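Please take some time with the structure shown below before reading on. The questions and answers that follow go through a few of its features.

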Amino acid sequence: MTAAWLLLIVSVGWSADWPTDGGSLRRTGDAPDARVVPPFVLKWTFDMKAQGCVNPAGASPIVVGSTVYQGTRGGLCGWVYALDARRGTLLWTYVSGYDTMTTPSYENGCLYLGLGMSGPFAGRAIRVEDRAELWTYGTSCDFVTVTPHGETAYVQGGSDGVGSATLYAVDSTTGALRWSMTDAPPMHLGGTPAFDNDGTLVTPGWPLLAIADLGKAPHVKWSVTYVGCPCGRPDPAISGDRVYFRQGAVPHAIIAVDMTNGAVAWTLTVGGGIGPCSVHAKRIVFNTIDDTSATASGYVYAVEDLGDHPSVVWTTNTLDSSVLTRRPLIANGMVYLTGTVNGDVLYALDLNTGDIVWTHTLSANSISSVAYANGLLYCAGATEVQCFGKPISLGLEVDKAQGNPGDLLIYTLTFDSYGGPSASVTLTETLPAGLQFVSASDGGSLSGSVLAWNGLSVSADAVRTVTATVRVRSDLTPGTYTFRPTAFVTYPGDPAYNDMTSDPAVTTVTVTAAPPPVYTGPLRVYPNPFIPARAVRGTVKFEGLSTGATVGLYTPRGLKVWAKGLVTGSVVEWDGRNEAGRLVASGMYVWVVEGGGKTSRGKLVVETGR
Amino acid sequence: MRGLMISLVLATVSAHAAIASSVGEGYGESLLALTSARQAGSGGVALEDPWRQGQVVEATTALVSAGLQWWGLSVQGGAGPRLRLRFDGYAFTPTDVTGTKETADGSFGGSGGAVGMSEWGAHVTAQLAVVEAGPWRVAGLGRAIGLVQRMPDEQSSGAAVEVGVQAQRVMGSGRALTGWLLAGPVGRGAGRGFAGHVVAGVGLMRQVSEGLLGGAGGYAVGAEGEALTEGLMHGGLGGVYWVGRLGQVGKTLFLRGGLRSASGTSQAVRPHGGLGILWRMASGWGVQCDLAAAPLGALGLAPCATIGVRMP
């Protein structure tokens, strides 16, 4: 490890959401999300083979919270591994008793599993908390997938012609059948269905079916027949009012269809085989093969949907034609996908330009699609699950999501070097206006407005935590402030990690500065009765006010006699004259003190002799 | 014809009730003008027609924030074939007024116990029919005001008289146009002397046989302005809709609303409104109830309730 690893600079900055004046008190703008840009290093590897059940057909990992769930497809054992997402340690293993398992799905604390390859076949739901089996629904179809959607789970299979292609809608809690839809071949179902915001389901089969009114009277809303069977699944992806899918047979194409009526909006034909597409906003990303080249090169396409026609934004030649079966992952401004022709390679492309930012050669064949969460990438090979990320990962937490002026905020920086090197860390933070330094652990100290820790060491495959305590200033201008503290690591001078930036650690804190009290002490209005000729300075005093408070005097019928706002000090005086400068008539008046959303009223007897 | 006139005048009164007036700064009088449904129009002058028979007794209370409450009692009735008299008395005795003291150097000197303050007042209004020719009706108006106000170090009283005229023209079946003009000194509260004022207004009423709910009904709209010698101008617009037939046996429901404004007080134009019911029985007796509310800005919403009994 180079000497440069001896110095890591970790900086923590509060985004510039703190108000600089009192004119714009509500600041809700967020700092732009810090972007995780590869290169990454291998953070950890989980050896499935050593555990006893492998994944040769490439089930993909899914990440939920701090846990990675990995199914084992095609390994003659249908297991689920639950792994710690940051460390890759095995949390538990679930043995289904079936011979294989497709990529599981997760919703509301349950995992939904598609089980069986050589039979029998079934969909199953288990509760993650205790791995209790909620239900198992047997089917006659192979390559079963289970997709939860609200109170219904959709069990389907039949892509390889085993049994009838059937879509079963079952209660997601009990597994009770609600309805089913079966079609004779050549209808195929494979992969997972897609849903639009109106709850319409699009089947991943041939023809492409949109099924509406899923809860009451499911019926086919529209269908689109395309050139496909039996050359591949459409793998539909929905964005807005469009569904995009691939036509797997010649002519190979991406087809855009209006969700409302099933009309084909446009068709983009490409030269070779085509893979599943992913959509981010109006940008569709997919893989193709240039069949005309001698090497059958693989290309990644990014296409913009312009309504009635597509526009190719960029194409990138990966020279890898094996990417067709895996859906690209769009995350954090990047496109991630895997291939096996040029070795087992994980590709990272810039979503905007198509530039290949990073590639990484993997150690195991038949790699899966990629999962991404919290700055970490996950993919599974035949025998291993691997995680990639920055050498040192940071986590930042603040003990309060909401605070008030005067509150103490304790934020905790946790940096681990799982898969990374040993290092000496310098951590700095510039305190923004509005926060006052109180204390810091591990020798952190304040110099000017910069809080720094020097020489913090973190060992390889270890974790370390430091904390800082700050106080929200008690004299904040009333308003609501949103902070997005962000921490990151840079590695200056190290050729191996030149300009590498850590995955950001971002959290949000909202501070609400309540309006100041109407008065700073007991509110006193004196003398009462008020006789101007006898009162000191000829005035009645409103004492104990805060800046911004206003005092108004009214007749009992609500007519304003006089009003004044407090600018400095804490006392406002009234000389008994109305706004026209005339001495008011004797009688009863009502004073009203307003400020900070609070109103106080009282009665004042005025005797002017008039 | 007489029944029609009664109806017209009652409707006009209701319309006036929806119109703002701000005569006087006596507390009870102010509250009365602001919130009372039946006396708010025309400077508190009762516009009941002099030809109308029967007597009415009403009790009113109005509540403003900070515990200021006003109580009133009125009695009115005919005194001969052409004269109608109305007496209004009220009491304004706010409680829970905490006194405070001041030291010689101008600082707070502690609490000083309760501060007593009260006001009593009375109006006597006469309405004399002077012309009744064809479609025209003209009445002379006169009003005497008396006020007594007591405070810890000040007690004062005062009285004044003002005069005016009211004219009405019947414009076909079920329609009438009424105008009124008042002038004279107006009480500015006991001990505060008097200011001159002129009040003028006009109101249009129409009785319809097919109202909004299918039965008989009607509406009236009006406008009133007041100019004081101090340079202040007050004014308002209002309207009332009623369900039922005025002046006849049965129930009549009134719904009204309006806007008022006052110059020189930094007051915005403010709405007010209310509803009332009058239940006339065949015996000639009747009961009435009226609820009104007026937003007073910083002082909040001031409700006012009036109940009354009509006698044959």
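**Cores, confidence and sheets**

Reader: Which residues touch the most other members of the largest nonpolar core?
Author: A nonpolar core is a set of buried Ala, Val, Leu, Ile, Met, Phe, Trp, Tyr and Cys residues joined through C-beta atoms within 7 Å, where buried means that 20 or more other C-beta atoms lie within 10 Å of a residue's own, exposed means 12 or fewer, partly exposed is in between, and C-beta atoms are placed from the backbone. In this largest core of 95 residues, the members that touch the most others are Tyr244(A), Ile254(A), Val285(A), Tyr336(A), Val370(A), Leu377(A) and Tyr378(A).

Reader: How many residues does the second, separate core have?
Author: This core includes Val551(A), Ala585(A) and Val606(A), and Trp70(B) is also included. The number of residues in this second core is 44.

Reader: What is the mean pLDDT of chain A?
Author: This is a predicted model, in which local features need pLDDT of at least 70 and side-chain atom pairs count only at pLDDT 80 or more, while totals for chains, interfaces and linings use all residues. Residues are numbered from 1 along each chain as its sequence is written, and chains are lettered from A and ligands numbered from 1 in the order in which they are written. The pLDDT is the predictor's confidence in each residue, from 0 to 100, and in chain A 77% of the residues reach 70 or more, with a mean of 78.

Reader: How many bridges join strand 50 to strand 53 of chain A?
Author: Strand 50 covers residues 550–554 and strand 53 covers residues 587–595, and they run antiparallel. Gly552(A) stands opposite Val592(A) in strand 53. The number of bridges joining strand 50 to strand 53 is five.

Reader: Which residue in strand 4 of chain A stands opposite Val63(A)?
Author: Strand 3 and strand 4 (residues 67–71) of chain A pair in the antiparallel sense over three bridges. In strand 4, the residue opposite Val63(A) is Val68(A).

Note on methods:
Two strands pair if DSSP finds at least two bridges between them. Helices (H or I, at least four residues) and strands (E, at least two) are DSSP runs, numbered from the N terminus.
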